[in-house]
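User: I'm new to this one and would like to learn how to read it. Could you take me through it feature by feature?

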Amino acid sequence: MIVIAYDSDHKTFGFQMFPESSRWEADIVRVQADGARVAVNQEWEYRWSDMVRGRGLTNPFGRHHADSGLRNQFGYFQGALDWVAENTPDDQSTVRLEAVVTYTDNGRGPFERVFTSVTRFTSVTSEADSP
Amino acid sequence: MSRFRRLNQQIDTVGDLRQLSVLRILLGPVVLLHLRDTFTAARDGIVYSDRFYLPYFDWYPEVGPTLYEVLLWACAISAIAMSVGLATRLATSYTALFVGYNIFLSKTHFAHNRTFLLILLVTIAIVPVGRHYSFDKLVRRWLRSPEPDATPLWPLWLVRFEVAAVYCASGASKVIDQDWWSGRVLQLRAIDNRELAIDQGAPSWLMDALADGTVQSWLSKASVLTEFVIGLGFLHRRTRLLAIWVAIPFHLTIQIGARVQVFSWAALAALVIWVTPGDHTRELIVPRNHRLARWVPRLDWFGRFRVDPDDGQTVLLMDNRGPDRRGSDGIWTTLSRLPATFIVAGPVLAIRRRRWSSAPDS
């Protein structure tokens, strides 16, 4: 189990304690049907920190430690984007969430990586994606 | 005798697993601490599914919020019952079952310290740990239906292997990681936390030293080596006491210096599994008015000594695993085998034996 765990994001039963000192932050936006991009911490009936708690995800907007390493953290972050996209029924305008994550890998970097949530409305996807 | 037959006999060996009863008592508060945030949220009517969670498997059964709250509070009760030894078999089984169920409800519930706790809980759930230090024992005594102390020892061998594997896995993961081995990981952590640590009272000279690459290079190697000393040291009788002695300050240090949730407490509690199983296998003959005659029965929580007061003048410790110990050697050896005194008596005994063995007429 210890060896198999090396292949998974969260290293379940791998017992790799304190694996990294990497840091990260995220700019998360809601991509609207008309293509507009609105930060999730502005003008929204939902609050990110009410929906996503713990595991270093409560406040991803400021630079902070990657909980149990970047791979673990990014696995959770992708899951959080998808969960929020799927559990905000009162939001009728957002097609998907996008995040630009800036991170350092044990002090190296900074690097950037883009994360995208699942698409919420199939009918307007093509509109949002069109140039 | 063939190796297979010897292994087969080893699996069938029975003995007194009183140390796992002590582990049962210690793990109750650790479970409550582990679920503290979940209890707090549940008190406000919030359960895991009200916020972001990430299931491991689609097929994993999920209960509704009300039933989850009922199961959660039942776990609080079972953890307390487990510690005091009330309906012990049911309490240990339910506690292990709920903690395991809860961990596998969501990937966000996973943490290495929690799976470590789960391993310990499963162990005490499969062993009859209510035979000592429990209400159940009092009830059985009252009903005059005592249970035998002897129980198969293989669960102890299994959990020992698993606990040693945790330390070795942790150490090995750091050896193969160049950033860890070079000290970079610890150095960055010290730099990142420097201001916060100084605000909380840490001396700035200490934080400056910890931010130094050379210092952290050596500290990293020392901490990896410590994990191997503990993990491998546990496995041999001769080095076990040293490993336990090193493990205590190691876990207290990381509890202070890092956010490890319940790992330190669970790991410190788990040290009891390294006590050699056996029911009063050591005979301690002490003069009647000697303090040991009174204190050893009180401090012998693992039931390792049979104390026989007699009219002689010298303490004599007879152990079928080693030579007889007389006088102060017997006293210090006894103290080094008692959980409340071994942390001091262990090093004292080691120094005394070293001096004794290097003496010209030894």
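User: What does the secondary structure of chain B come to?

Analyst: Helices (H or I, at least four residues) and strands (E, at least two) are DSSP runs, numbered from the N terminus. For chain B that comes to 18 helices and six strands. Keep in mind that this is a predicted model, where local features need pLDDT of at least 70, side-chain atom pairs count only at pLDDT 80 or more, and totals for chains, interfaces and linings use all residues. Residues are numbered from 1 along each chain as its sequence is written, while chains are lettered from A and ligands numbered from 1 in the order in which they are written.

User: Which domains is chain B divided into?

Analyst: Domain bounds come from an automatic or database domain assignment. Here, they give domain 1 (13-152), domain 2 (165-273) and domain 3 (282-358). The C-alpha centres of domain 1 and domain 3 of chain B are 36 Å apart, and the C-alpha trace of chain B spans about 70 × 60 × 50 Å along its principal axes.

User: How do I read a pair of packed helices?

Analyst: Two packed helices are described by the angle between their axes and the distance between the axes. Axes are lines fitted to C-alpha atoms, for helices over the stretch in contact, and angles run from 0 to 180 degrees between N-to-C directions. Take helix H14 (residues 237-257) and helix H15 (residues 263-270) of chain B: their angle is about 170 degrees, with the axes 9 Å apart. H14(B) and H15(B) are therefore roughly antiparallel; angles under 35 degrees count as roughly parallel, over 145 as roughly antiparallel, 65 to 115 as roughly perpendicular and the rest as oblique.

User: Which residues in H14(B) and H15(B) meet?

Analyst: Two residues are in contact if their C-beta atoms, placed from the backbone, lie within 7 Å. From H14(B) we get B:Ile248, B:His251, B:Leu252, B:Ile254 and B:Gln255, and they meet B:Ser264, B:Ala267 and B:Leu268 in H15(B). By class, the residues of this contact between H14(B) and H15(B) are five nonpolar, three polar and no charged. Ala, Val, Leu, Ile, Met, Phe, Trp, Tyr, Cys and Pro count as nonpolar, Asp, Glu, Lys and Arg as charged, and the others, Gly among them, as polar.

User: What about burial: which residues of H8(B) are buried?

Analyst: A residue is buried if 20 or more other C-beta atoms lie within 10 Å of its own, exposed if 12 or fewer, and partly exposed in between. Buried residues make up 36% of the 362 residues in chain B. In H8(B), they include B:Leu156, B:Val159, B:Val163 and B:Tyr167. Among what covers the buried residues of H8(B) are helix H1 (2-5) of chain A and helix H13 (213-233) of chain B.

User: Is B:Ala76 buried or partly exposed?

Analyst: B:Ala76 counts as partly exposed because it has 18 C-beta neighbours inside 10 Å. You'll find B:Ala76 in helix H4 (residues 65-84) of chain B. Setting aside neighbours within four places in sequence, B:Ala76 is in contact with B:Leu32 and B:Phe39.

User: And what should I look for in the backbone?

Analyst: A:Pro110 is found in strand S5 (residues 108-116) of chain A. Then look at B:Ala87, where phi is near 50 degrees, a positive value in a residue other than glycine. B:Ala87 lies in the loop between H4 and helix H5 (88-103) of chain B.
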